[in-house]
Amino acid sequence: MNNLLYTHYLDQLNNYDHQSPDKKAIILLGYTQRDFLRYYRRNEVQAGFEFIKRNIERNRHLIATLSPEQRTSQMHSFVDDLAHVGIKNHVEIYPFLELQQAYHRRLQTMPVNNYVVWIQKVIHDFSKLMDVDGLSFSSRLESTLDIIYYINAHIYDKIAVKDVLQHANQYCNPTRAQRNFSQEMHMSISDFIMGQRMDLAKTLLTKTDTSVQSIAAKLNFYDANDFSKQFKRKLGLSPLTYRKTYQ
């Protein structure tokens, strides 16, 4: 599987290097489990399990620092992730809910001492439900997922469509990736970038006292005037009017 994975970014996160070993282990497991979901959606369950095993083996010194309670908490979250994907993508959702609750009850009385054994069992049980109604497990293409993640990871950078396509070119045909993105998201990459920036701008306007000039600079608009024009064009209100209305 050559497409970009979330764990790819761990070594680039400055904050990760400065965490305590148990916190690093939790972050690692969270990223690894999130990556597994991409195998899960593609019905590549065994390959996904091997991916998890490799990451755990490579970082066994970190995993060993976790207490059974921490492993159990992480397993609860993994069960929820698998159940959520199943509920979202299948007609018959009750079996996923039932299995989710059964595992939560089991985890209350059986601590996770061996993480790999537990995760193999959880994956096996949820994957049996995957083909029940014969639906595709996800209609979202891998190239679109990569583009969305790349944009979200660089939203505070001066990112443009050409940067996104240069990134996509490492893993797939950029022209096809751009076309697939538009078809799946019903918007262009440029519109998606602007939409993400506007969502951040709305949060900064209503949840903080950051000035309009600082927000414009933070989100890499040309200047405050450019930001205000773009904001009003999208939302029908100036940034200051929006702040006064919704703060």
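## Close-up views of a predicted helical chain

**View 1. Salt bridge between K202 and D199.** K202 and D199 form a salt bridge whose closest N and O atoms are 3.5 Å apart. A salt bridge here is a side-chain nitrogen of Lys or Arg within 4 Å of a carboxyl oxygen of Asp or Glu. The model is predicted: local features need pLDDT of at least 70, side-chain atom pairs count only at pLDDT 80 or more, and totals for chains, interfaces and linings use all residues. Residues are numbered from 1 along each chain as its sequence is written, and side-chain values use heavy atoms, with hydrogens and water left out. K202 and D199 are three residues apart in helix α11 (residues 189-207), so about one helical turn separates them. Helices (H or I, at least four residues) and strands (E, at least two) are DSSP runs, numbered from the N terminus. K202 is partly exposed at 24% relative accessibility, and D199 is partly exposed at 39%. Buried means under 20% relative accessible area, exposed over 50%, and partly exposed in between (1.4 Å probe, protein chains only).

**View 2. Two further salt bridges.** The structure holds five salt bridges. One of them joins K121 to D125, with 3.4 Å between the closest N and O atoms. Both residues lie in helix α7 (residues 115-130), four residues apart, about one turn of the helix. K121 is partly exposed, with a relative accessible area of 41%, whereas D125 is buried at 11%. Another salt bridge links E57 and R60, whose closest N and O atoms are 2.8 Å apart. E57 is partly exposed at 46% relative accessibility, and R60 is exposed at 53%.

**View 3. Aromatic pairs.** Eleven aromatic pairs are present in the structure. F36 and Y40 form a stacked pair, 5.8 Å centre to centre with 25° between the planes. Rings of Phe, Tyr and Trp (its six-membered ring) pair if their centres lie within 6.5 Å; planes under 30 degrees apart count as stacked, over 60 as edge-to-face and the rest as tilted. F36 and Y40 both belong to helix α2 (residues 21-41), where they are four residues apart, about one turn of the helix. Both residues are buried. F231 and Y242 form an edge-to-face pair, 5.4 Å centre to centre with 80° between the planes. F231 lies in helix α13 (residues 224-235) and Y242 in helix α14 (residues 239-246), so this pair ties together parts that are eleven residues apart in sequence. F231 is buried at 0% relative accessibility, and Y242 is buried at 13%. F231 and Y242 belong to one aromatic cluster that also includes F221, F227 and Y246.

**View 4. Charges over rings.** The charged end of R106 sits over the ring of Y103, 4.5 Å from its centre. The charged end of R34 sits over the ring of Y31, 5.5 Å from its centre. A charge sits over a ring if NZ of Lys or CZ of Arg is within 6 Å of the ring centre and within 35 degrees of the ring normal.

**View 5. Y94 in its helix.** Y94 has its place in helix α6 (residues 94-109). Y94 is exposed, with a relative accessible area of 56%. The protein chain around this view has 14 helices and zero strands. Of its 247 residues, 43% count as buried.
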